[in-house]
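Here are my notes on the model you sent. Please read them with the structure open beside you.

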Amino acid sequence: MIRALLLSTLVAGALSCGLPTYLPNLPRVVGGEDVRANGCPWQVSLQHSSNGQWRHTCGGSLTDQSWVLTAAHYISSSRTYSVVLGHHCLAPHEPGLLAIKVSKLVVQEDWNSNQLSKGNDTALLKLANPIALTDKIQLGCLPPAGAILPNNYICYVTGWGRLQSKECGKNGCCLGEAG
């Protein structure tokens, strides 16, 4: 089932996907830069409910108006998830934010957290309702199923991870990027 969902998500994403608003000029992830506000409009914040509050868990990519692609190692069937779109910094009251509940979790069938080297660390999240695209919320680009990208193909890595050991980003917990 996940193969069919991933295939349809890949096709939909490839047919109508966005590009970064501002192209990064960075050679690596560590030491990357903060993204300009709304520079990566496909980036989502996956959040889980904990003691009545929503907490950022990891990032993901909006690949369809109803689906988000993320890492399986962050997904637990015992948690309740929500996706926040339009985030730049992980501040609760940024203008243009859209929070939507996740109605279904689909973890890659061959994912095994005890065998990380085998890969398959992907999960799809079905949104409770399809979302409308805006200037701050766009679809990410994915290659067609089975495609092998050529050398030097431009790809982007974005997320709210740490760029250095003691900070969440150069200006707080803002989205970072590397190309």
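Which residue in β6 does S82 stand opposite?

1. **The opening pair.** S82 stands opposite K101 in β6.

2. The model is predicted. The mean pLDDT of the protein chain is 79. Of the residues, 74% score at least 70.

3. The pLDDT stays below 50 over residues 1–16. In the model, this stretch still has 30 contacts beyond near neighbours in sequence. Where pLDDT is low, predicted coordinates should not be read in detail. Please treat those contacts with that in mind.

4. **Overall make-up.** The protein chain holds 1 helix and 9 strands. Of the contacts with a separation of 6 or more, 65% are between residues 24 or more positions apart. The protein chain has 179 residues, and 37% of them are buried. Its accessible surface is about 10,200 Å². Carbon and sulfur atoms account for 52% of that surface.

5. **The barrel.** A barrel is formed by 6 strands, in the order β2-β3-β4-β7-β6-β5. The pairing is antiparallel. On average, neighbouring strands of this sheet are turned by 45° against each other, direction ignored.

6. Strand β6 (residues 98–107) is joined to β7 by 5 bridges, and the two run antiparallel. V102 stands opposite L127 in β7. L105 has L125 in β7 as its bridge partner.

7. **The cores.** The largest nonpolar core has 19 residues. L62, V83 and L85 touch the most other members. At least two residues each come from β2 (43–50), β3 (53–64), β5 (81–85), β6 and β7. Another core, of 5 residues, lies apart from this one, and V35, C40, W160 and L175 are among its members. In soluble globular proteins, nonpolar side chains tend to be buried together.

8. **L85 up close.** Which residues does L85 contact, leaving aside its neighbours within four places in sequence? The partners are V44, L62, G96, L97, L98, I100, I131 and I137.

9. **L139, buried in a loop.** L139 sits in the loop between β7 and β8 (157–159). L139 counts as buried because its relative accessibility is 4%, under the 20% cut-off. L139 and P41 are 98 residues apart in sequence, yet their C-alpha atoms are 7.3 Å apart in space.

10. **Two asparagines with positive phi.** Neither N38 nor N51 is a glycine, yet N38 has a positive phi of about 60° and N51 one of about 50°. N38 lies in the loop between β1 (33–34) and β2. N51 is in the loop between β2 and β3. Are they buried or exposed? N38 is partly exposed, because its relative accessibility is 22%. N51 reaches 77%, so it counts as exposed.

How values were computed
Residues are numbered from 1 along each chain as its sequence is written. This is a predicted model: local features need pLDDT of at least 70, side-chain atom pairs count only at pLDDT 80 or more; totals for chains, interfaces and linings use all residues. Side-chain values use heavy atoms; hydrogens and water are left out. Helices (H or I, at least four residues) and strands (E, at least two) are DSSP runs, numbered from the N terminus. Buried means under 20% relative accessible area, exposed over 50%, partly exposed in between (1.4 Å probe, protein chains only). Contact means heavy atoms within 4.5 Å. Accessible areas come from the Shrake-Rupley method with a 1.4 Å probe; for residues, only the protein chains shown count as cover. pLDDT is the predictor's confidence in each residue, from 0 to 100. Two strands pair if DSSP finds at least two bridges between them. Axes are lines fitted to C-alpha atoms, for helices over the stretch in contact, and angles run from 0 to 180 degrees between N-to-C directions. A nonpolar core is a set of buried Ala, Val, Leu, Ile, Met, Phe, Trp, Tyr and Cys residues joined through side-chain atoms within 4.5 Å.
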